[in-house]
Protein chains: 4
Amino acid sequence: MAIIVDKVQKRRDIALSCVKLFVQGGIGHLTISEVAKKAGIGKGTFYDYFKNKEAIVFEILNILLEEHSKGKELKISQASSTREKVKMFFDFYSNNEDKELRQIYKEYISISLSNPNKEMVDFQSKCFNTYSSWLKNIIQDGIENKEIIPEALNLSKGLYYFGDGLFFNFSTTNVIGDIKKEIHFYVDSLFDLIEVKK
Amino acid sequence: MAIIVDKVQKRRDIALSCVKLFVQGGIGHLTISEVAKKAGIGKGTFYDYFKNKEAIVFEILNILLEEHSKGKELKISQASSTREKVKMFFDFYSNNEDKELRQIYKEYISISLSNPNKEMVDFQSKCFNTYSSWLKNIIQDGIENKEIIPEALNLSKGLYYFGDGLFFNFSTTNVIGDIKKEIHFYVDSLFDLIEVKK
Amino acid sequence: MAIIVDKVQKRRDIALSCVKLFVQGGIGHLTISEVAKKAGIGKGTFYDYFKNKEAIVFEILNILLEEHSKGKELKISQASSTREKVKMFFDFYSNNEDKELRQIYKEYISISLSNPNKEMVDFQSKCFNTYSSWLKNIIQDGIENKEIIPEALNLSKGLYYFGDGLFFNFSTTNVIGDIKKEIHFYVDSLFDLIEVKK
Amino acid sequence: MAIIVDKVQKRRDIALSCVKLFVQGGIGHLTISEVAKKAGIGKGTFYDYFKNKEAIVFEILNILLEEHSKGKELKISQASSTREKVKMFFDFYSNNEDKELRQIYKEYISISLSNPNKEMVDFQSKCFNTYSSWLKNIIQDGIENKEIIPEALNLSKGLYYFGDGLFFNFSTTNVIGDIKKEIHFYVDSLFDLIEVKK
DNA sequence: GATGAATGAGTTTTCATTCAT
DNA sequence: CATGAATGAAAACTCATTCAT
C-alpha cells in the first residue's frame, strides 16, 4: 500500500516553512520555484497542495491569524479594566510577536484591494465581523460593569475602524512614530470622555 | 519652427484620457499598449512622459486629488457647524463624484502596500500630514468657537484614522451598508460627547 | 494464496471503463489521473497494464473494432444482393451503434497521422488489408454469382478508399448532410454501371 | 517616424521560413522558440504575427495550397481528355512538388481531427466545396463534350472521396505501393465504364 | 499486487522597455 | 518630436512517470 499523507497537516507544514520567505521578500517577486525549494518539495507538489501563489498566502494568513486570536483572547480576558482591554485589543498593531502576521496581512490586503475574489471578500467580511464584534463585546461588558457610559456602545464600530486606519497609515508612511503610544493616547483620550466618573 | 509642446499639459492630457481605463479594468492587467492606444499616442511617446506604468497612476491620482481638494475646501468652509464640517471632511469616502478617485486610490494603495518606493512613501506622508492637519484645524476652530470641548483636540488624529479604516473595510468587504450613514452615526455619537452643552 | 488476476481481462476492463471518457473529452486533454480514477484503480496500476496513454486508446480501438467486425460479418452475410452487401459494408460510417467506435477511431487517426509508431503502422496496414480484402471478396462473389460484371473487381480498392475519404470529410467538416444517403447514392450509381443487365 | 512593416508580407515570410522545420520535425515536438529562431525573430515577435502554434501551420497550409491551386488549374486545363484531367486532378496526392504540402496537410488534419475549431472547420468545408466542385466541373465538361456518359455525374462526389481516402491510407500505412499507379488504375477502370464508346 | 505522493523538465505566453528611423 | 516593431527574460503551471511502501 502506498503512503497515506495527512494532506491538511502537510499543507500547513509547507505554508509555515515559507512564512519567512514571504515576510522578507514580499509576495510579488516570489516565484513558485523559490517557494517549493524553501519548503523542500518539488514544484509539482506545491500545486498538489495549493491552487496558486495566492492560496498559500491565504493559508499562512489563516494559520497565523488563528494562533494570534487564541493568544489575544487570553490576554484580553486577563486585562483589569475595559480601558486596558481595548488597548490590548489594538495591541496587534504594535506588538513584536505579530510583526510577521502584520507583514503577511499587508501583502494580503494589497492583493485583496486589486484582485479580490469571492474567497477573499468572504474572509474579509468574516474578519470584520469577528473582530468588530469582539470589540463591541468588550465595550458592552464595560457598560454593564458601570465602567463606561452607555453611549460608548455607539462608538465601538468607529473605534474598530480607527485601528485599521492606523495600521494602514503606518504601513504606507514612514512617519515613524510610536504606534503603541498613538493607540494608547487615542484610547486614553476617548476613555476620559466615556468612563463613568466616580 | 518646431512645435513647442507643453510637456506638463500633455502629461496631464495623457493621464486624464486614461482615467476610465484604470478605473474600469484595474491596473494589474492593463498594458502600456492599451494605455498608449487609449491616449492616442505611441508606446514610445508614453515613455517620453512617464517613467513606467506606476508613474501614470501616480499622475492620475495627483490630478484627481488636487481637484478634489479644491472643491472640498470650499464645501467645508461653507458648512455651518464643526459637526457638519467634520462630516463634510469624510464625505470623500461616500460621495458619488469621488467614486473614480476612490477607485484609483484603492489601486494605488494596493501598489503602495506591496511595492512602495520613496516617492510613494513621501506622497503618503504628505497626504497624511495635509489631511490630518486639515481635520485638526477644523477641530481646533471648533474649540476656539466654543463649539466643542478642548479635550476633543486629542481625538483628531484618531478620528482621521477612523476615515481610512472605514474606507479600507468597505473596499475589501462586501458587507454593503450605507457608508454615509456609518460616518454620520459615528461623528454624531462622538460629537454628542464633545460638543459644549449650552 | 495470492489472488491471480487475469491480466488480459483486467486490461480489457480498464480500457472499457474509460471508453466514455475518451469519447466525450477527446484524448488530448485527458490525464492518466482521470483515466485511473474512472477505472477505479491507482495511477501506478495503470502503468502495470499499459505502457502509456496511447496504449489504452489502442486497446479500446482494438476491442471495439473486434466486436464491430463480428457483427458486421454476420450482417453482410445476411444481405441479399451484392449491392446491399456493399452498402452494409459501409454502414460502419453512418450507423448509430458505431458512433463511439468512430469517435475513438478519429482520435486514433489523429495520433497516427502525427506521431505514428511501428505498432500503429502495422495496425493500419492490417486494417487496410483485412477490410479491403473483405470488400474485394464481396465484389468477387458478386462477379461469380453473375450479379456484377468482371471489370468491377478493379474498382474494389478504389471503392474502399471512397469510404475512408467520406469518413474523413464528414469528420472534419460541418457540412452536415446525411452520410448514409451519400453512401447509398454513390453505391447505387456505381452499381447501376456494374450490375449485369438482365 | 517609425518603420511601417507590411504585416501581411512579414507574416508570410515568417511562415515560409519555417516550412522545412514543420515538414521535417512534425508539429507536435516543435517549440515556439525553435520556430522563432529559424525565422530569425524573437519569440515575442512571433506572437505579434501569430496567435499560437496552430496559426502558423494554418498560414503555411494556406500559402502552399494557394500556390498549388494556381499551378493545378493550369495543368488541368491543358490536359487533352477528361480522363487525363481527372488523373491530373488527383496528381496532388502523388507528385513530388507537393510533398511538402502533403506533409503539412497531414499534420494539419491531425490537429483538425482532435482539436478542431471553427476556423478549421470552415477551412475544411471551403476546401471540400472548392475541390469537389472542381472535379464535378471536369466531369460535367466531359459529359457536355460527349466524352463520358451523363450518369458519371453522380459519381463525381464519390470520386472525390476516393482521393482523400487514398491519401489517408497511404499516410498511415507503410504498404508502400505506387500511389500514382493506384490512382491511374482506378481512374482508368472507372473511365472504361463511363466513357462514351465510339 | 496495488497505490498515490512526489517530481521537475519542458512549454507557452506576456509585456515593459528600447531604439532605429 | 514621435513612433511602433522588436525583443527576451521571466513565470506559471501541467502531467507522464516513478517507486517506496
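Helices are taken here as DSSP runs of H or I with at least four residues, numbered from the N terminus. In this predicted model, helix H8 of chain D comprises 27 residues, spanning residues 118-144. At 1.5 Å a residue, a helix of that number of residues should span 39 Å, and the end C-alpha atoms of H8 in chain D lie 38 Å apart, which agrees. H8(D) is followed by Lys146(D), for which phi is positive, near 65°.

The arrangement of the chains was examined by superposition. Two copies of a chain are related by a rotation about an axis and a shift along it. Chain D is laid on chain C by a turn of 180° and a shift of 0.0 Å along the axis, with an RMSD of 0.1 Å. Here too, 100% of the interface residues of chain D are interface residues in chain C, and the copies therefore meet through the same surface.

Within chain B, His68(B) belongs to helix H5, residues 53-78. Its relative accessible area is 11%, under the 20% limit, so His68(B) is classed as buried. The side chain of His68(B) forms a polar contact of 3.1 Å with that of Asp98(B). Beyond neighbours within four places in sequence, the contacts of His68(B) comprise Asp98(B) together with Phe92(B), Leu101(B) and Tyr131(B).

Conventions: Residues are numbered from 1 along each chain as its sequence is written. Chains are lettered from A and ligands numbered from 1 in the order in which they are written. This is a predicted model: local features need pLDDT of at least 70, side-chain atom pairs count only at pLDDT 80 or more; totals for chains, interfaces and linings use all residues. Side-chain values use heavy atoms; hydrogens and water are left out. Helices (H or I, at least four residues) and strands (E, at least two) are DSSP runs, numbered from the N terminus. The expected span of a helix is 1.5 Å times one less than its number of residues. Copies are superposed by least squares on the C-alpha atoms of residues with pLDDT of at least 70 in both. Contact means heavy atoms within 4.5 Å. Buried means under 20% relative accessible area, exposed over 50%, partly exposed in between (1.4 Å probe, protein chains only). A polar contact is a pair of N or O atoms within 3.5 Å; within protein, one must be able to donate a hydrogen and the other to accept it, and residues adjacent in sequence count only if both atoms are side-chain atoms.
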